Amino acid sequence: MKMNKLTAAILIAMLVGILTGQGYRMFAPDQAAGFADDITLLTDIFLRLIKMIIAPLVFTTLVVGIAKMGDTRTVGRIGVKTLGWFMLASLLSLTLGLVMVHLMQPGVGLSLSLPDDTASSGVVATAISLKDFVTHAIPKSVVEAMATNEILQIVVFSLFFGLAAAALGDAAKPVVMLMASGAEIMLKVTGYVMNFAPFAVFGAIAAMVAKEGLGILATYGTFMAQFYLALGCLWLLLIAMGSLFIRRRMLTLLALIREPILLAFSTASSEAAYPKTLDRLEKFGCDKRIASFVLPMGYSFNLDGSMMYCTFAVMFIAQAYGIELSMAQQVTMLLLLMVTSKGMAGVPRASLVVIAATLNQFQIPEAGILLLLGIDHFLDMGRSATNVLGNAIAASVVAKSEDSLAETAPLGEVDTAKA
C-alpha cells in the first residue's frame with residue numbers, strides 16, 4: 001500500500017526531530033533547554049492555526065448536518081445512539097485500565113524514589129462536579145465560546161441553531177446554504193493548514209527529546225511499555241467492537257485514519273487531528289451530517305485513551321505508595337471517573353487534573369503525580385492517538401446503524417488519496 005505525501009513527511013519529521021533533539025543533548029547540552037523552548041514555536045503556530053479553524057468548522061458542519069436531518073426525532077435518535085456508544089466505550093476503557101494495572105502491577109517494586117507526601121505536584125486538584133459540568137456546557141455567550149474554543153459549548157449552541165433551522169424549513173434555506181459554503185471553505189483552509197503539520201511534528205518531537213532526553217525512556221521503560229500494552233489492548237477492544245457493526249470495512253477505516261492518528265500521536269493533541277479525521281470519515285463513506293454531529297461530541301464525551309489512563313495512573317500511584325483500595329472503593333472510583341472524565345474537554349492538562357482530584361477522594365498522596373510528570377508527554381501521545389481512533393469508530397458505527405455508511409473506493413485507491 002502506498003503512503004501519501006503528508007504521512008511520509010510526518011514520519012520523516014518525527015525521525016529528524018528525534019535525531020536533532022538527541023544531538024543537542026549529546027553535543028550541546030547547555031543549549032538544549034533553550035533550543036527546546038525556541039523550536040516549540042513551530043508546534044505552537046500549528047496548534048494555533050488548528051484552534052483558529054476548529055470553532056467555525058464545528059459550527060458550520062454541525063448546523064448544516066442537523067438542519068439537513070430534518071426533524072428533532074432524527075436528531076434525538078442519533079443523539080441517543082451516540083451517547084449510548086460513548087457511555088459503553090467509556091465504561092470499557094476505564095474498566096480495562098483497572099484490569100490491566102492489576103495484572104501488570106507497574107507500581108509494585110518501583111525502583112524510583114517516591115516523592116514526599118507533602119510535595120506539591122503543581123497540578124490543581126479541582127474536582128469537576130456534575131453541576132460544574134452542566135453549567136460549563138451551557139454557553140453564556142456563543143462569541144465567547146468560539147473565542148475560547150469551548151467545543152462542548154459550541155456543540156450545544158449549534159444543536160439549538162440547527163434544530164431551529166430545520167423547524168423553519170424553506171425560510172432557513174439561504175442561511176443553511178451559506179453555512180454549507182462556509183463549511184467547504186473551512187475544509188479548504190484545513191488543507192492549507194495541514195501542509196504545516198510536518199514542521200509542527202518536528203518541533204514537538206525535537207523539543208521533547210532535547211528537554212527530557214531518550215534516557216527517560218530507559219528509566220520509565222517498564223511503566224511505559226506496560227501502559228502502551230494496555231493501550232494496545234484497548235485498541236483491539238475498540239476495533240473488535242467496531243467490527244461487529246462495520247465488519248471487514250474496519251480495515252479500510254484504519255487505513256484512512258492512519259494519518260490523523262499519526263498527527264495526534266506526534267503532536268500529543270487529538271484536537272490537531274480533528275479536521276483531518278472529519279475529512280477521512282467522509283471519504284470512508286460516513287454521512288457528513290452524522291460525522292459532523294458525532295465527532296465534536298466525541299471530543300467532549302468519548303476520550304477513551306484519556307479515561308483508561310485515569311484508572312491506570314491512579315492505581316499505579318496507589319501501588320507505588322503501598323495503598324490498598326478495596327473492591328468497593330475501586331468501583332466507586334470507576335463511577336466517579338465516568339462523571340468527572342466528561343468534563344475533560346477544554347481543561348489544560350485535563351487528565352492530570354482529574355487524576356489529582358481522584359487521588360484526593362481516596363487519600364492517596366497527590367505528590368505521586370510527580371512520578372508521571374516527566375513522561376506525561378510521551379504518555380499523552382498514545383492517549384491522543386487512541387482518542388482519535390475511538391471517535392472515528394464511534395462515528396462510523398452510528399452512521400452504519402442509520403444506514404448512512406456508503407461504500408467507498410478499494411483500499412489501494414484510498415491509500416493513494418491526497419491529504
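Predicted model: local features only at pLDDT ≥ 70, side-chain atom pairs only at ≥ 80, totals over all residues.
Helix α8 runs over residues 197-212, and its 16 residues should span 22 Å at 1.5 Å a residue; the end C-alpha atoms sit 22 Å apart, so the two figures agree. The expected span here is 1.5 Å times one less than the number of residues in the helix. Helices themselves are DSSP runs (H or I, at least four residues; strands are E, at least two), numbered from the N terminus. Most of α8 is covered, with 13 of its 16 residues buried, where buried means under 20% relative accessible area, exposed means over 50%, and partly exposed is what lies in between (1.4 Å probe, protein chains only).

Residues are numbered from 1 along each chain as its sequence is written, and side-chain values use heavy atoms, with hydrogens and water left out.

As for the chain overall, there are 20 helices and zero strands. Of its 419 residues, 55% count as buried. The chain exposes about 17,900 Å², and carbon and sulfur atoms supply 66% of that; accessible areas come from the Shrake-Rupley method with a 1.4 Å probe, and for residues only the protein chains shown count as cover.

The unreviewed UniProt entry annotates "transmembrane region" at residues 45-70, 82-104, 151-168, 189-210, 216-238 and 306-323. Such annotations may be inferred rather than shown by experiment; their positions are given in the numbering used here, with feature names shortened. In the model, residues 82-104 are 100% helix and 0% strand, with end C-alpha atoms 33 Å apart. Residues 216-238 come out at 96% helix and 0% strand, and there the end C-alpha atoms are 30 Å apart.

Helix α2 (residues 29-69) holds Thr 60, which is buried because its relative accessible area is 9%. Leaving aside residues up to four places away in sequence, Thr 60 touches Met 179, Gly 182 and Ala 183.

On the surface, Ile 18, Leu 214 and Leu 217 make up a nonpolar patch with about 190 Å² of accessible area together. Patches take residues with over 30% relative accessible area and no salt bridge, joining like charges within 9 Å and nonpolar side chains (Val, Leu, Ile, Met, Phe, Trp, Tyr) within 5 Å. Ile 18 belongs to helix α1 (residues 5-27) and is partly exposed at 33% relative accessible area.

With a salt bridge taken as a side-chain nitrogen of Lys or Arg within 4 Å of a carboxyl oxygen of Asp or Glu, the count comes to 13. One of them pairs Glu 271 with Lys 51 (2.9 Å, N to O). This pair links distant parts of the chain, 220 residues apart: Glu 271 is in the loop between α12 (258-267) and α13 (274-284), and Lys 51 is in helix α2. Glu 271 counts as buried at 18% relative accessibility, whereas Lys 51 is partly exposed at 38%. Another bridge joins Arg 383 and Asp 376 (3.4 Å, N to O), and both residues are buried. Salt bridges that share partners also tie Glu 259, Lys 276, Asp 279, Arg 280 and Lys 283 into one network.

How values were computed
Contact = heavy atoms within 4.5 Å.
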